[in-house]
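Colleague: I would like to learn how to read a few features of a chain model. Could we start with burial and go on from there?

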Amino acid sequence: PHTKGVYWSSRTKDLLGVDQNVEENYWLAWERIHPDDRKQIEDAISRALNPQGNGIFQVDYRVVHPNGRIVWIESRGRTTFEKTDEGPRPVHIRGGMLDVTERKEAETKLRELNRTLEQRVENRTAEARRRAVQLQKLAYDLSNAEDRERDRIAGILHDELQQHLAALRYRLAMLLMPSDDEDAVEKRIQQMQQMIDACIQQSRDLSHELSPPMLRQNGLTFALKWLVRDIKEKHGLNVSLDIAPETDPESSSLTSVLFRSVRELLFNCRKHAEVDAAHVEVSRNGDGVQVRVQDEGKGVLLSRLRDRRKNKPGFGLMAIEERIRFLGGQIEFESAPGQGFRTTIIVPYVDEPEA
């Protein structure tokens with residue numbers, strides 16, 4: 001750029017960061033301008049000096065003071081043109097400068113805040129989508145689990161209860177037949193009584209397995225003690241139980257999830273660990289409850305377990321994990337070949353939702 005004269009007010013010198021006694025110099029001002037902003041100033045000057053334009057000079061830029069301080073300047077001006085035979089010719093640009101550093105810093109903070117909010121919204125949206133996918137998958141797994149449970153119950157009813165009832169019907173028919181052998185009749189009656197007792201016991205076991213009454217009536221501690229006795233009697237698994245005082249959740253839903261999680265983990269231990277003993281520990285963890293189930297069995301490579309769960313999802317560990325996470329808790333699996341299997345569940349105490 002070329003100029004024949006420059007005039008600065010004392011305020012302009014303060015804004016540019018030059019001494020008041022320094023003689024006005026266009027190039028001194030140019031050196032103060034931030035290198036990244038010089039191009040836009042050149043473009044603004046070119047537009048202001050163009051006779052075909054409106055002669056307005058308007059630009060915001062940064063000035064770097066000798067001490068390194070950066071000042072944002074809002075510069076506004078207008079070009080005066082004179083008429084010549086060759087057409088309008090710019091004579092001078094007159095304008096002013098305003099320190100807008102606070103405004104620019106506020107705008108920068110606002111943009112950063114907007115970016116932060118947008119990122120949070122994006123993260124929340126992604127989390128909502130992830131949860132939606134999890135819910136869909138969990139609903140699918142639960143549906144499959146319900147089908148498997150129906151099949152299992154149907155199998156119990158068909159293979160055990162129905163078989164006993166059919167045998168009872170047959171023996172009752174024989175009992176109604178005339179017979180002079182009282183001992184044989186008495187024996188048949190005793191057999192029928194045994195079958196009836198077996199049917200009652202199977203029905204009671206199935207009912208307790210589906211919905212243990214002590215879980216609702218007596219809480220988690222009592223239900224786990226019953227589970228330990230039941231699993232030893234039916235499956236031969238010796239479970240040591242260590243429960244800290246005042247750990248029972250008030251929420252029946254949380255109690256049910258924890259009970260069923262422990263039961264599923266102990267069943268897995270019995271089926272896969274190839275041991276006859278396990279340990280269950282219940283304790284407080286901050287504002288929540290911690291449940292740990294472990295065995296000293298053959299263990300498993302966790303990477304293989306995760307791959308198997310991805311390729312063939314089931315209701316077991318995956319459903320436990322999903323349910324715990326939906327309750328705001330966390331679950332951790334620790335295992336290695338030959339080093340047993342340990343599951344740690346931490347869940348915050350939650351209030352029972354209103355019906």
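Modeller: A residue counts as buried when its relative accessible area is under 20%, and as exposed when that area is over 50%. Note also that this model is predicted.

Colleague: Which residues of H9 are buried?

Modeller: In H9 they are Leu-317, Met-318, Ala-319, Ile-320, Glu-321, Glu-322 and Ile-324. Helix H9 spans residues 317–326, and with seven of its 10 residues buried it is mostly covered. Gly-328, with a positive phi near 85°, follows H9.

Colleague: What share of the chain's residues counts as buried?

Modeller: The figure is 33% of the 355 residues. The chain has nine helices and eight strands.

Colleague: How should I read a positive phi?

Modeller: Most residues other than glycine have a negative phi. Glu-246 is not a glycine, yet its phi is positive, about 55°.

Colleague: Where is Glu-246 found, and is Glu-246 buried or exposed?

Modeller: Glu-246 sits in the loop that runs between strand S4 (238–243) and helix H7 (252–272). Glu-246 counts as exposed because its relative accessibility is 72%, and the cut-off is over 50%.

Colleague: Now a residue in a helix. Is Leu-220 buried or exposed?

Modeller: Leu-220 belongs to helix H6, residues 213–235. Its relative accessible area is 2%, so Leu-220 is buried.

Colleague: What is Leu-220 in contact with, leaving aside neighbours within four places in sequence?

Modeller: A contact here means heavy atoms within 4.5 Å. On that basis Leu-220 is in contact with Asp-248, Pro-249, Thr-255, Leu-258 and Phe-259, once neighbours within four places in sequence are left aside. Take Leu-258: it is 38 residues from Leu-220 along the chain, and their C-alpha atoms are separated by 8.0 Å. For the chain, among contacts with a separation of 6 or more, 57% come from residues 24 or more positions apart.

Colleague: Last, surface charge. Which residues gather in a patch of negative charge on the surface?

Modeller: Asp and Glu count as negative. The patch consists of Asp-181, Glu-182, Asp-183 and Glu-186. Asp-181 lies in the loop between helix H4 (101–176) and helix H5 (182–210). With a relative accessible area of 41%, Asp-181 is partly exposed, and a patch residue needs over 30%.

Note on methods:
Residues numbered from 1 in each chain as written. Predicted model: local features only at pLDDT ≥ 70, side-chain atom pairs only at ≥ 80, totals over all residues. Heavy atoms only, no water. Patch = residues over 30% accessible without salt bridge, like charges linked within 9 Å, V, L, I, M, F, W, Y side chains within 5 Å. Areas by Shrake-Rupley, 256 points an atom, 1.4 Å probe, with all protein chains shown as cover. Salt bridge = Lys/Arg side-chain N within 4 Å of Asp/Glu carboxyl O. Charge placed at Lys NZ, Arg CZ, Asp CG, Glu CD. Helix = DSSP H or I, 4+ residues; strand = E, 2+ residues; numbered from the N terminus. Buried < 20%, exposed > 50% of the residue type's maximum accessible area, 1.4 Å probe, protein only.
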